[in-house]
Each structure stands twice: as C-alpha cells, then as structure tokens.
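Please open the model in a viewer and follow the stops below in order. Each stop gives a selection and then describes what is found there.

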Amino acid sequence: VSQSRYTSRYVAGRLLYTAVLLAIVSLTIFFIFDLIPVDPARLICPKQCTPSLVEANRQRLGLDVSVIEQWWRFMIGLFAGRTFSEGGIPIFCPAPSLGYSFPRHECVTNIVGQAFPITLSLALGAFILWLSVGVSLGVVSARKKGKFADRAASVFVLVGTSLPTFISGILVVLFIVLQFNLVNPLDLGKWHNPFTDPLGWLNTFFFPCATLALAYAATYTRFTRSNVIETSCEDYIRTARAKGLSEKVILRKHTLRAALAPIITIAGLDFAGLLGGAVITEGIFGLDGLGRLSIKAVTQTYDLPIIVATTLIASAFVLIMNLIVDITYAYIDPRVRTL
C-alpha cells in the first residue's frame, strides 16, 4: 500500500510540475513573439496601408495590450472560449479557443483540428514502424554479432542515417509508389480516418510513415545493438546463465528490460519532435498537417494566431511526452521514484 501511495505521489508531483512548466512556456512564447522586430499588424496590412488601419489590425489581433494581458486572455479562452470582432460582427470561438484567424475567417481551433489528426497519425505510424523495426533489428544484430544478420543490419544503419528525409521521400515516391502503381497519385495527400477507413489510411499513409521512420529506425537499430551487447556483459546476466536459464528467458526478462529502458526516454522525445518536425515529409506527400500549416502561416500570410497556436502545441507535446516518459521510466526502474 505504501509503495502504491508513493507512486501516486510521484505521478501527482510530475503532473503539477508539467502544468507549471506549460504555463511558463506559454508565457515565454508570448514574450518571444513580442520581441520579434516586426509589426504583425503592419505585415497583414494591404498595400494601401494607413496608420489607422494598422492600429485597427493591432486591436483585432489583441496586440494593443501588454504581453501579460495577451497571455491572460489566451489562457481564459482555453477554458471559457473567447469572442473576437471582424467587421463589427462578434465571433465567438468556444473553448478551447486558440485564437481567430482573420485571413482565413475561422477559429484557429477548427483549423488546427483539421491538420492535427494528419500529423498525429503520421507521427504515430512512423513511431510504431521505427520502434518495432529498429529494436528488432538491433536485438537480432546483437545476438548474431559478427554474422551475416549483423552485417546486413549495419548496411541498413548506414543507408538510413546517410539519406536525408527529402531524398528518401522522393526516392520512395518515384521508384516505389509510382513505378509499381502502388498508390493512385491523386490519392496522395488525402486524409482517411484510420478508425473508420483503416485500409484507406494505410494506402495513403504507409509510405509517408515509412519515409519518416527510416532514419529513426536506423538510429534505434544501432543504439539497441550497443545497449544489448553492453547489458549482456553484466554480472547479473552471467549469473542468470550460470543458473541454467535459457537465452530466450535471459533476453526477455533481464537483458531487454535493462537495455531498452534508456530507449524510452529518446523515443518519447523523438515522437514529440515529430509532431512539429514532419514538415518535409508532409510537403513531399502533400499532407496538410501542422507542419505545412505553420509554414504557410509564416511564409504566406503571417497569420500570427496560427503561428502562436502551432508553436504552443509543439511545445506542449514535448512537455507531455516528457511526463509520459518519466512515469513510464519510474515503473520500469523503481529507483527513479526516489530521485
């Protein structure tokens, strides 16, 4: 009972710590955008721009108040919704409100809600692929050290780490997808819900996920191999062998548990980075995810509410994945809970 209570206190502490960090990070983001030496109200102004029009843009963007007030209004909108005004017409964006996009005449939450499932499914698919392939190849390579399987895995690691994502993506599209007519070119970039249309999603998203997973799978193969080899030389592994345990039991119950623990930390952070870093893959395959949404907002319209929202979402997922990693690590290694 005491152990369970201690674990609950540890999780509650990490949750509180993450909530405080989220508030600090969000406030920091507002300060950073305020310090950028450009005026968003002037950037979205047409060619026939006047000081009164710039001031009107500043008011409707909420930039006419202090940074603290801007952040506080944003935080209230997350929990209670927020009302904006366009052309004198009040527009209410329900909670969680991430702002209002005046160039697109739509609540940012709706815009992000359309792009987020695309990026999330792409990141999840790539995550499952690279983790399963990378860890499996790493374990096989470690157990067959110096043999053909080990050399083949080394070639895979070399190719995977050498090819940039934009090169591997183009090669996949030209020489696999189009050459063998595996996917209709018109279907590339189309969103299919994996729960209602799993085959349609697999048809459209398998190759983008594989492209994104290639470099990560190569890195995890190398990392898993070195961890398994290093762990196999520990004294407790030799003791397990001396007791007569089979190699399969030793691998499953002792070696993998110790060797894969550090991978959890890296995997969580890599997955969080994918949610904001899949821009190249989304561009190659025509997927309108968060990456392309943020790039368009920066380079085409300078849509500040969308830029702030996507930045906050990417930051929030890094912190949330850190929380998940900490909790998972604590269950794998109880010593972490005493730190």
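What volume does the largest pocket have? The largest pocket has a volume of about 390 Å³. The model is a predicted one, in which local features need pLDDT of at least 70 and side-chain atom pairs count only at pLDDT 80 or more, while totals for chains, interfaces and linings use all residues. Residues are numbered from 1 along each chain as its sequence is written, and side-chain values use heavy atoms, with hydrogens and water left out.

**First stop: the pocket**

Select Phe30, Leu61, Leu63, Gln70 and Leu304, which are the closest to the centre of the largest pocket among its 23 lining residues. Next, colour helix H1 (2–35), helix H3 (51–60), helix H4 (67–80), strand S1 (82–86) and helix H13 (304–332), the elements that each give two or more residues to this lining. Helices (H or I, at least four residues) and strands (E, at least two) are DSSP runs, numbered from the N terminus. A pocket is an open set of points on a 1 Å grid over the protein atoms alone, with protein on both sides within 12 Å along at least five of seven lines; lining residues have an atom within 4 Å of a point. The lining divides into 15 nonpolar, 3 polar and 5 charged residues.

**Second stop: the cavity**

A search of the whole structure finds 1 cavity of 30 Å³ or more. A cavity is a set of grid points where a 1.4 Å probe fits but cannot get out. Select its lining, which includes Pro40, Ile44, Phe102, Tyr302 and Asp303. The space in the largest cavity is about 50 Å³.

Now select helix H5 (residues 108–143) and helix H6 (residues 148–162), which pack at an angle of about 140° with their axes 8 Å apart. Axes are lines fitted to C-alpha atoms over the stretch in contact, and angles run from 0 to 180 degrees between N-to-C directions. Show the side chains of Val133, Leu137, Val140 and Ser141 in H5, which meet Ala149, Asp150, Ala153 and Phe156 in H6; contact means heavy atoms within 4.5 Å.

**Last stop: two backbone features**

Most residues other than glycine have a negative phi, and most peptide bonds are trans. Select alanine 95 and proline 96: the peptide bond between them is cis, with omega near -5°. Proline 96 lies in the loop between strand S2 (89–93) and strand S3 (100–101). Finally, select histidine 105, which has a positive phi of about 55° although it is not a glycine. Histidine 105 lies in the loop between S3 and strand S4 (106–107).

Terms used
Grid points are joined across faces, edges and corners, and a volume is the space filled by probe spheres set on the points. Ala, Val, Leu, Ile, Met, Phe, Trp, Tyr, Cys and Pro count as nonpolar, Asp, Glu, Lys and Arg as charged, and the others, Gly among them, as polar.
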